[in-house]
Amino acid sequence: MSSYTVRICELLEGLHGGVYYFIIEGNKLVHISRYGVNRMRSSKVACYDIDISRLKGKTVIEVMSASISGYIDIWMYPAEDLTVDQSIRRKQILPITIINNYELTYLNEKEKLFLNEWNKHYKAMLNYIRKEVIEKGGRIISTLLVITHIENDLKYPTSFLIPYSENARFRSLSGLTKQIYQIWIIIRILREFTSINRTFIFKQSPYSPLEWIDNYSLWYEFDLNPHTMCNGMLWHTSSISPHLKRILNKAMELKNKGLTERLALRPDMVFTYAKDCNEFMQNPAIKLIIECKNTDYTYWEKDINRQIKPYVEIFEPEYMLIASLKPVPPYIKRDLQRYSIHVIDNVYPGGLGEQELIAYVKSALGYL
């Protein structure tokens, strides 16, 4: 291979349009920047000048994600093909599970430590979802990022395939792990009440509940924001019930007082008496709200006053619960109990809070 320079450019779009290059070094994936000089970088593009002779006999792994769907393609080809057009590179498409074979060399110590949590908690949640839903003929519809992890047993969260920014990896990982935690909690609860070998659609601002349990409907990412609720139904109607009007007025009042940064109208999980949006418009009574917190308490402490307490004041649920993966300080639990907010911590597969969560929900719904 002759010695000359080739310019390689990456699109820095996370896992929604990003294109990244790695070199295989034994059992490691090394980012392409290790072999060149960063000659140009903006918020969206990074280009590197590579002395191609340094890559003689090596193999490239190219990671490309779709901008809209987030679908991830992984290609492998000889490094010498970096000198020719994309269309004639000798690409071999690989399954996403190929990342299980390698160590990602650019991860920091905090991210490496997180892999212990990934293996202990999130892989266990994904395994549960596969066993109880997928393997029994059911289906989960969610974001493609979540589906990728349900369909594949991955050593790393795909968020770690973003090489250029720790912050970008963190943002992607935060959304991914939150969704996995929410879905696991819902499937774990539903397993106690109904058959779950069917299709579940986990979509923000849904038009219909996720499931109906006797007298109650369970909604995921329940949304009362007027422009998004039930495809904007509330935005276009001229007649709403006095109860619903009181809920919306209270939310606006708290926002105008500066007690919340935005309208606090989107709890993670809600049990209502209404089987659809039309019924809820007439009877917006809430049986139970569950907020799912999968990070250390210090990360969501600020949510207590600007989100969780406002939920109680705005929706006036009969029961309000925080399900936390991590331990919560006892004094925080006692303080929240004064506002009729119950906290159950260590809620994860095999955790001390798993059965306590189930017992609480059964009690709230009148099953105990």
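Leaving aside neighbours within four places in sequence, which residues is L104 in contact with? In this predicted model, the list reads L29, Y156 and F160. L104 itself is found in strand β9, which covers residues 103-104. Is L104 buried or exposed? With a relative accessible area of 2%, L104 falls under the 20% cut-off, so it counts as buried. For a sense of distance across the chain, take R334: it sits 230 residues from L104 in sequence, and the two C-alpha atoms are separated by 43 Å.

**The chain as a whole**

Stepping back, the protein chain has 10 helices and 17 strands. Along the principal axes, its C-alpha atoms fill a box of roughly 75 × 40 × 40 Å. There are 368 residues, and 53% of them count as buried. If you look at contacts with a separation of 6 or more, 63% come from residues 24 or more positions apart. As for charge, you have 46 positive and 40 negative ones, and their mean positions are 2 Å apart.

**Aromatic rings**

A pair of aromatic rings is described by how far apart the centres are and by the angle of the planes. How many aromatic pairs does the count come to? It comes to 16. Here are two of the pairs:

| Pair | Centre distance | Plane angle | Class |
|---|---|---|---|
| Y181 and W184 | 6.3 Å | 25° | stacked |
| F193 and Y367 | 4.8 Å | 75° | edge-to-face |

Start with Y181 and W184. Their planes are at 25°, which is under the 30 degrees cut-off, so the pair is stacked. Both residues belong to helix α3 (residues 166-190), and being 3 residues apart there, they are separated by about one helical turn. Y181 and W184 are also both buried.

Now for F193 and Y367, whose planes are at 75°; that is over 60 degrees, so this pair is edge-to-face. Where do the two residues lie? F193 is in the loop between α3 and β11 (199-201), while Y367 is in the segment after α10 (352-364), so the pair ties together parts that are 174 residues apart in sequence. Y367 has 34% relative accessibility and counts as partly exposed.

There is also an aromatic cluster, formed by W219, F222, F280, Y311 and F315.

**Some acidic residues**

D303 lies in helix α8, residues 303-315. Is D303 buried or exposed? Its relative accessibility is 14%, so D303 counts as buried. Apart from neighbours within four places in sequence, D303 is in contact with K293 and I308.

E221 isn't a glycine, yet it has a positive phi of about 50°. You'll find E221 in the loop between β13 (216-220) and α4 (233-236), and at 6% relative accessibility it counts as buried. E316 isn't a glycine either, and its phi is positive too, at about 50°. E316 lies in the loop between α8 and β16 (319-324).

Definitions and conventions:
Residues are numbered from 1 along each chain as its sequence is written. This is a predicted model: local features need pLDDT of at least 70, side-chain atom pairs count only at pLDDT 80 or more; totals for chains, interfaces and linings use all residues. Side-chain values use heavy atoms; hydrogens and water are left out. Helices (H or I, at least four residues) and strands (E, at least two) are DSSP runs, numbered from the N terminus. Buried means under 20% relative accessible area, exposed over 50%, partly exposed in between (1.4 Å probe, protein chains only). Contact means heavy atoms within 4.5 Å. Lys and Arg count as positive and Asp and Glu as negative; His and the chain ends are not counted. The place of a charge is taken as NZ of Lys, CZ of Arg, CG of Asp or CD of Glu. Rings of Phe, Tyr and Trp (its six-membered ring) pair if their centres lie within 6.5 Å; planes under 30 degrees apart count as stacked, over 60 as edge-to-face and the rest as tilted.
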